[in-house]
Every structure is written in C-alpha cells, then in structure tokens.
Amino acid sequence: MSVLGITYRRKIVLTAALTAGCMLAALSARAADFTVESREVVDRKMVFATVESVDDTQARSRIGGTIAKLEVHDGDAVTTGQRLALVVDPKLTPRLNAIDARIKAAMAQRQLAEIELKRAEDLLQKGVGTKARADQTRAAYEAANNEAAALRAERAVVEQQGVEGAVLAPESGRILKTLVTTGTVVQPGEPIAEIAVGRYVLRMMLPERHARFLKAGEKVLIGPRGLGAGEQGLGEGEVVLVYPQLDHGRVIADVSAQGLGDFFVGERTRVWVAAGKRQAILVPAEYVIYRFGVSLVRLKHGGEVVVQLGQTMPEGVEVLSGLKAGDILVTP
C-alpha cells in the first residue's frame, strides 16, 4: 500500500473517532439527571401599573384677552420658558394711545409751568415779584413734572401687559392636554395647558393584603410595553415610594424604572411584585416536553408523565402537579 493510501486511512479513522466522541459527549449531556426538590421561592403576583408623571403643572394666562395663536399640541415636548400660546387684549392699543395723548398734555403743561417759574424767579430777583408767587409756580412745575413721570410709568405697565400676553411653559416636560383653542376668550390666571413635569414612574394599586410586603427598595419585574406577551419587557424596577394611606382598600406604590420616557402618560403595563415566600417545585426549562398542547417530563425510571406548569421564574419553570420531591428527570 502506498504512503498516500495509509495517510488517507488514518484521516478517516481520526475523523470517525472525533465524531464518535462528540456523539458520546452529546449523549452524556442529554443524559444528565435532575433531581426534583421543593425549594423556597418568592411568590410574585402580577398586577397592572400605570405610567404617571411625578409632578404635573399648568401653564396659565397672565392677562385677559383672546387666544390669537396656539403653538403646541397634545404630546409635544416643551422646555422652560417656551412660548405655548399668545393672548391678545384688543383694549391695550387704545389704552396706549390714550396714555400717549395724556403724556403730551402733561409735557405741554410742564413746559408752561417751567416758563412761569422762570418768569416768577426773574421778577423776584428784580424785586418786582413776590416770593409767594415764585413758590406757587415752582409747585405747579413740580406737579406737572410728576404727572408726566406717572403717565410714563403707566404706559410701561400697559406695555408689560402686552408682553405678558405670551403664555410660557413654567417647567420642561410634555404637554398632556391643551385646554383652549385659537379664538378662546380667557381671563387672567386661566389654565391654557397641562404639562407633565420631570421623571415618570409606574404607579401600582394592590389589594390591602399585600401592604405588609411592600416597602421602599423592593425589586419588581416589569413586563413588555403594550401588555404584549412576546416582547422583551423593561426588566427590573424598584419601589421608591409606598403611600401611607389606603385608597378604597388598595395600597398605592410608585416604581422607578428606566425607559419610561417614551411611554404615554396613563399607559398600562404588567408588573410582578413579591407577595411573600412559599414552597415550590422548579425544573429547568430544557426538561419540559411540549407535545400536542400538553406539557410532559421524562422520568429516569417510569417514562413520561404529564405535568401542570405555573410561573416561569429565573430559576426555572414551576411545576404545580405531576411531580414530587425525589423524582429524577432526564432531558428529552
């Protein structure tokens, strides 16, 4: 036999040995036994939680008038000081015109009083006029001067009222609801829009019997958005506040979690909270067989048995019935 033939046969034998070794390793991994035992687990109950903002505020009109322009819509994100609407008071322009006319009259009166004052002082210096007349004209001049200053201040107030027609966002957040439309007549202090301010939390309402298990810092599991079953959830959250007052037999708690900024305020999601501890039988998911809508496991001595499954936990799948402590399972 040639050298090439011997080398080829060696390669075939080596390949067969490696294949057999892999098959044996796989069979031994599949044949790993699992002994069923009862263990203490955290009893988690599924409840619904609602996305809520920690603080709500209102943007209000500072003057009375008509909404000339509405610049935001429901759901818009706003920043502090952003203009949300413009309120116009049609009476401000006539008031400004009237004040301007009064200012012109006061300035004319001031000029006349100034001329009279100079004339009275000149006559007093020449010894022809009297001091009483000079004092009288000086008082008239100061009164006209003060009248002009008061009117200028009044005009500044009216101008400021025109500036305050802009409705500004008091805090950064998201518009929950606009309460007016273009053309609406509003009064000073009337709310224009509701704003959800700051961070968001999940607000849970649980039966009163769970109140003794809830405390700040407790970890909860959060399901997927939209109450979906096949999507990945937000993961883990933390109870940040348990309200001390019950509401119609329910305890209220707030849960902090990442990723709530894109949720709608008022949107619901599922949350699993701890409600004490209990004994349960858990088996790894790979030991469960699903066939024709039935869940089965394979015993090392006794074939396959039907089991009733419960919750899926990080430690495994809960078996409600069909197994007992001490049973030995093998993988399918």
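Of the 332 residues in this protein, 31% are buried (under 20% relative accessible area; exposed is over 50% and partly exposed lies in between, with a 1.4 Å probe and protein chains only). This is a predicted model, where local features need pLDDT of at least 70, side-chain atom pairs count only at pLDDT 80 or more, and totals for chains, interfaces and linings use all residues. Residues are numbered from 1 along each chain as its sequence is written, and side-chain values use heavy atoms, leaving out hydrogens and water.

**Strands and sheet**
- You'll find three helices and 19 strands here (DSSP runs numbered from the N terminus: H or I of at least four residues for helices, E of at least two for strands).
- An open, antiparallel sheet runs in the order β6-β5-β3-β8, where strands pair if DSSP finds at least two bridges between them.
- Its edge strands, β6 (166–168) and β8 (185–186), each pair on one side only.
- Strand β3 (residues 65–70) is joined to β8 by two bridges, and Thr66 sits opposite Val185 in β8.

**Salt bridges**
- The structure has 18 salt bridges (a side-chain nitrogen of Lys or Arg within 4 Å of a carboxyl oxygen of Asp or Glu).
- Arg102 pairs with Glu154 in a salt bridge, with the closest N and O atoms 3.7 Å apart.
- That pair links helix α2 (residues 92–126) to helix α3 (residues 131–163), 52 residues apart.
- Lys215 and Glu218 form a salt bridge at 2.9 Å, N to O, and Glu218 is buried at 19% relative accessibility.
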